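The sequence and structure come first, and the comments follow.

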Amino acid sequence: MITVKDLHKSFGDLEVLKGISAEVKESEVVCVIGPSGSGKSTFLRCINLLEDITSGEVTIDQDVINDPKTNINQVRSQVGMVFQHFNLFPHKTVLENITIGPVKVKGMKEEAAKEIALQLLEKVGLSDKADAYPESLSGGQKQRAAIARSLAMEPKVMLFDEPTSALDPELVGDVLEVMKDLAREGMTMVVVTHEMGFAREVGDRVMFMDEGVVMEEGDPQQIFEDPQNPRTQEFLSKIL
Ligand code: ADP
Ligand code: MG
């Protein structure tokens, strides 16, 4: 579903991604871990073209997304992204936050978009918040609304950038549950996370990034119990 070949990304003189290659199969959940500043967010942002790619190739379901002929907006509607800080529109209700993409980008009828939005709100456990404004929601509710908003575009893949890092500990579980449900339903997911429990339980594979490269990857049990790379060992010894 996602193929990344020798991806390089520089900001001016600073080379942040130094040749990343990765493959994510349909329905696979890949968790990306690594120290702050190692390029995890930049990696995700390159996969949905929030950053332009310096060199290399990213393919999503057959489409080379960084081909100049590719329609960027179409790519973005196929790749859902959930950020640490929710990024909901503050002056729109939860329901409007969810319907705006399908209506504006996909040309869906308002009524149809609303019906889908209500189904998604039920799925993320927010049926009673359709008419609420983001400011009245807890962080966990905002994040679940943000996930529903992404899903409304019917993406082929979902990217999560530390979706629970800004949440109070007691709100993390509900968001992780929603993500687990999605994984169970077969969504292809790339999840940057510090939630090692989630990576272990839900991840099919774990990628450890450091200094702009993938230092090690493997199945979660191997990475967490028997890391081979000294950098992986050092990182895990600090957080586990
Ligand atoms: P991580 O998500 O692993 O913490 P990031 O991808 O956010 O890492 O950042 C990797 C490096 O890229 C950092 O050194 C960061 O300062 C730099 N960086 C990220 N975005 C930009 C930008 N827009 N301009 C310049 N440097 C950036
Ligand atoms: Mg980051």
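**Note on the predicted model**

1. T3 stands opposite T59 in strand 4. This pair belongs to the antiparallel pairing of strand 1 (residues 2–11) with strand 4 (residues 55–60), which five bridges join. Strands here are DSSP runs of E of at least two residues, helices are runs of H or I of at least four residues, and both are numbered from the N terminus. Two strands are taken to pair if DSSP finds at least two bridges between them. An open sheet is formed by four strands in the order 2-1-4-5, with antiparallel pairing. Its edge strands are strand 2 (14–24) and strand 5 (63–64), each of which pairs on one side only.

2. A remark on conventions: residues are numbered from 1 along each chain as its sequence is written, and chains are lettered from A and ligands numbered from 1 in the order in which they are written. The model is predicted, with local features needing pLDDT of at least 70 and side-chain atom pairs counting only at pLDDT 80 or more, while totals for chains, interfaces and linings use all residues; side-chain values use heavy atoms, with hydrogens and water left out.

3. Most residues other than glycine have a negative phi. L49, in the loop between helix 1 (40–47) and strand 4, has a positive phi near 60°. D61, in the loop between strand 4 and strand 5, also has a positive phi, near 45°. L49 counts as buried at 10% relative accessibility, whereas D61 counts as partly exposed at 26%. The cut-offs are under 20% relative accessible area for buried, over 50% for exposed and in between for partly exposed (1.4 Å probe, protein chains only).

4. Strand 9 (residues 205–210) is mostly covered, with six of its six residues buried. Both faces are involved: R205, M207 and M209 lie on one side, and V206, F208 and D210 on the other. Strand 9 pairs in the parallel sense with strand 3 (residues 29–33) over four bridges, and V30 stands opposite R205. Strand 9 is also joined by five bridges to strand 10 (residues 213–218), in the antiparallel sense; there F208 stands opposite E216. Strands 9 and 10 form a hairpin with two residues between them, and E211 in the turn has a positive phi of about 50°.

5. P220 is in helix 8 (residues 220–225) and is buried, with a relative accessible area of 6%. Apart from its neighbours within four places in sequence, P220 is in contact (heavy atoms within 4.5 Å) with A199, R200, G203, D204, R205 and V206. P220 and F198 are 22 residues apart in sequence, and their C-alpha atoms are 10.0 Å apart in space.

6. Which residues of helix 5 are buried? They are G139, G140, Q141, Q143, R144, A145, A146, I147, A148, R149, S150 and L151. Because 12 of its 13 residues are buried, helix 5 is largely enclosed by the rest of the structure. The cover includes strand 6 (79–82), helix 3 (94–104), helix 4 (110–123), strand 7 and helix 6. The end C-alpha atoms of helix 5 (residues 139–151) are 18 Å apart, in agreement with the 18 Å that its 13 residues should span at 1.5 Å a residue. The expected span is 1.5 Å times one less than the number of residues.

7. Helix 6 has 16 residues and reaches 23 Å from first to last C-alpha, close to the 22 Å expected. Its buried residues include V172, V175, L176 and V178. Among the elements covering the buried residues of helix 6 are strand 3, helix 5, strand 8 (188–192) and helix 7 (196–202). G186 follows helix 6 and has a positive phi, near 95°.

8. E162 lies in the loop between strand 7 (157–161) and helix 6 (169–184). E162 is buried yet has no salt bridge; K40, the nearest side chain of opposite charge, is 4.4 Å away. A salt bridge requires a side-chain nitrogen of Lys or Arg within 4 Å of a carboxyl oxygen of Asp or Glu. For charge, Lys and Arg count as positive and Asp and Glu as negative, while His and the chain ends are not counted. The side chains of E162 and S165 are joined by a polar contact of 2.9 Å. That term denotes a pair of N or O atoms within 3.5 Å; within protein, one must be able to donate a hydrogen and the other to accept it, and residues adjacent in sequence count only if both atoms are side-chain atoms. Leaving aside neighbours within four places in sequence, E162 is in contact with K40, Q84, V192 and H194.
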